[in-house]
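Look through the structure below, then follow the paragraphs with it in view.

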Amino acid sequence: MAPLLQLQQVSQGYVQVSPENPLKVATESFPPGFFFPQSQMICHRGYPSEEYKALTHDGYYVSLNRIPHGRENPRNRGVKPVVFLQHGFLGEGSQWVENLANNSLAFILADSGYDVWLGNSRGTSWSRKHQNLSADQVEFWDFSFHEMAMYDLPAMINFVLQKTGQKQIYYVGYSQGCTIAFIAFSSMPELAQKIKMFFALAPAVTMKHTRSPIMKMTFLLDRQFKMLQVGTDALLRMRKLWRFLPKLCRHPLLHKPCANLLFLLGGYNEKNLNMVGASNAGGWRLEGTVLGGVWVWAGSRGLNKSGFSVVPVSLQDTPPSYRLEEMPVPTAVWSGGEDWVADWRDVRLLLPRIAHLVTYVHISDWNHWDFIWGLDAPRRLYSSILVMMEGSW
């Protein structure tokens with residue numbers, strides 16, 4: 001049975017750009033210490049913003065942000081191709097709009113004539129509502145990226161299609177956004193048919209070759225101390241401690257240490273990091289995603305002989321397997337040579353299982369963050385995505 005959807009428009013806003021200086025909004029950085037909702041971040045750049053909630057089949061309300069058109073030609077309200085952007089590990093939809101307008105994929109797509117939607121998985125800052133549970137309850141956090149794939153993605157994608165009247169969309173996933181897409185599109189053929197093309201940026205598929213000390217630590221805790229078996233209540237208490245991190249990282253003196261923590265997690269490439277985007281992450285909302293991020297991945301077992309296998313937080317006895325070979329969606333893949341999370345060797349283990357691989361591009365000097373915050377991302381990645389979309393529309 002198709003997931004139950006509840007359509008609810010939450011807010012819609014526009015920012016008028018000064019005719020004397022039309023690029024002023026686009027080139028300003030966010031105010032120091034900001035922690036804006038995504039809709040305000042979008043409006044701050046001078047783009048139209050809409051926010052919605054979709055109800056998943058298991059009772060979670062997941063947030064969607066829409067940029068229906070770019071700053072130019074706002075009266076052109078004709079049918080536009082739809083692009084759905086899904087955030088990565090320890091992130092949320094704001095990852096696509098935290099940079100300057102000419103460096104953020106969401107804004108680049110909107111200015112290029114696309115109807116852009118940003119997804120927010122359960123547990124993120126703006127997706128913490130449930131029909132019957134509170135985010136302060138242990139039961140609320142009893143999920144993994146299996147539930148994000150099987151419940152969140154169908155709810156969000158079906159909502160977008162219903163709202164726009166389109167039959168297919170382009171899907172761009174980053175990191176964990178690729179993980180849940182591979183699971184969903186290989187497990188639900190009816191959902192896969194709604195995807196025109198899948199762009200997989202730094203797909204996190206297995207942790208076999210991960211070089212991140214933080215990621216390795218989560219596996220160590222799982223194997224040696226069985227931390228996940230202590231109970232979600234212990235993790236819930238730890239989540240409350242993480243609430244102080246965003247405030248600390250907003251302090252100018254701590255920008256550098258917080259950036260170094262980013263490098264420790266995703267790989268080092270300081271010269272290519274757009275510090276506007278990194279500092280705008282405001283501590284990267286770790287408080288909102290730590291339970292659904294590090295602890296979810298601590299239970300991952302990655303790629304096995306029969307497909308993609310994970311162990312959800314609930315620690316079921318037999319982890320589900322996913323036959324990626326059966327995914328019918330045309331797929332383009334990118335990896336980074338200095339990516340400490342989605343190691344290029346792990347990505348290459350995935351490639352033979354993609355039945356409809358359109359292209360694979362390896363960027364040797366990129367780390368995990370360059371795909372969203374790299375100074376050269378528009379030239380080395382986003383331009384290629386646009387060319388492929390234009391060629392298939």
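Contact here means heavy atoms within 4.5 Å. Helices are DSSP runs of H or I with at least four residues, numbered from the N terminus. The model is a predicted one, in which local features need pLDDT of at least 70, side-chain atom pairs count only at pLDDT 80 or more, and totals for chains, interfaces and linings use all residues. Residues are numbered from 1 along each chain as its sequence is written, and side-chain values use heavy atoms, with hydrogens and water left out.

Start with helix α4 (residues 145–164) and helix α5 (residues 176–187), whose axes are 8 Å apart at an angle of about 75°. Axes are lines fitted to C-alpha atoms, for helices over the stretch in contact, and angles run from 0 to 180 degrees between N-to-C directions. Angles of 65 to 115 degrees count as roughly perpendicular, and α4 and α5 are therefore roughly perpendicular to each other. From α4, the residues F145, M148, A149, M150, L153 and I157 meet Q176, T179, I180, A181, I183, A184, F185 and S187 of α5.

Next come the rings. Rings of Phe, Tyr and Trp (its six-membered ring) pair if their centres lie within 6.5 Å, and planes under 30 degrees apart count as stacked. The structure holds 20 aromatic pairs. The W369 and W373 rings have centres 5.7 Å apart and planes at 25°, so this pair is stacked. Both W369 and W373 are buried (under 20% relative accessible area, with a 1.4 Å probe and protein chains only). Elsewhere, F84, Y171, F182, F185 and F198 are linked into a cluster by ring pairs.

How values were computed: Helix = DSSP H or I, 4+ residues; strand = E, 2+ residues; numbered from the N terminus. Parallel < 35°, antiparallel > 145°, perpendicular 65-115°, else oblique. Phe/Tyr/Trp six-rings, centres within 6.5 Å; stacked < 30°, edge-to-face > 60°. Buried < 20%, exposed > 50% of the residue type's maximum accessible area, 1.4 Å probe, protein only.
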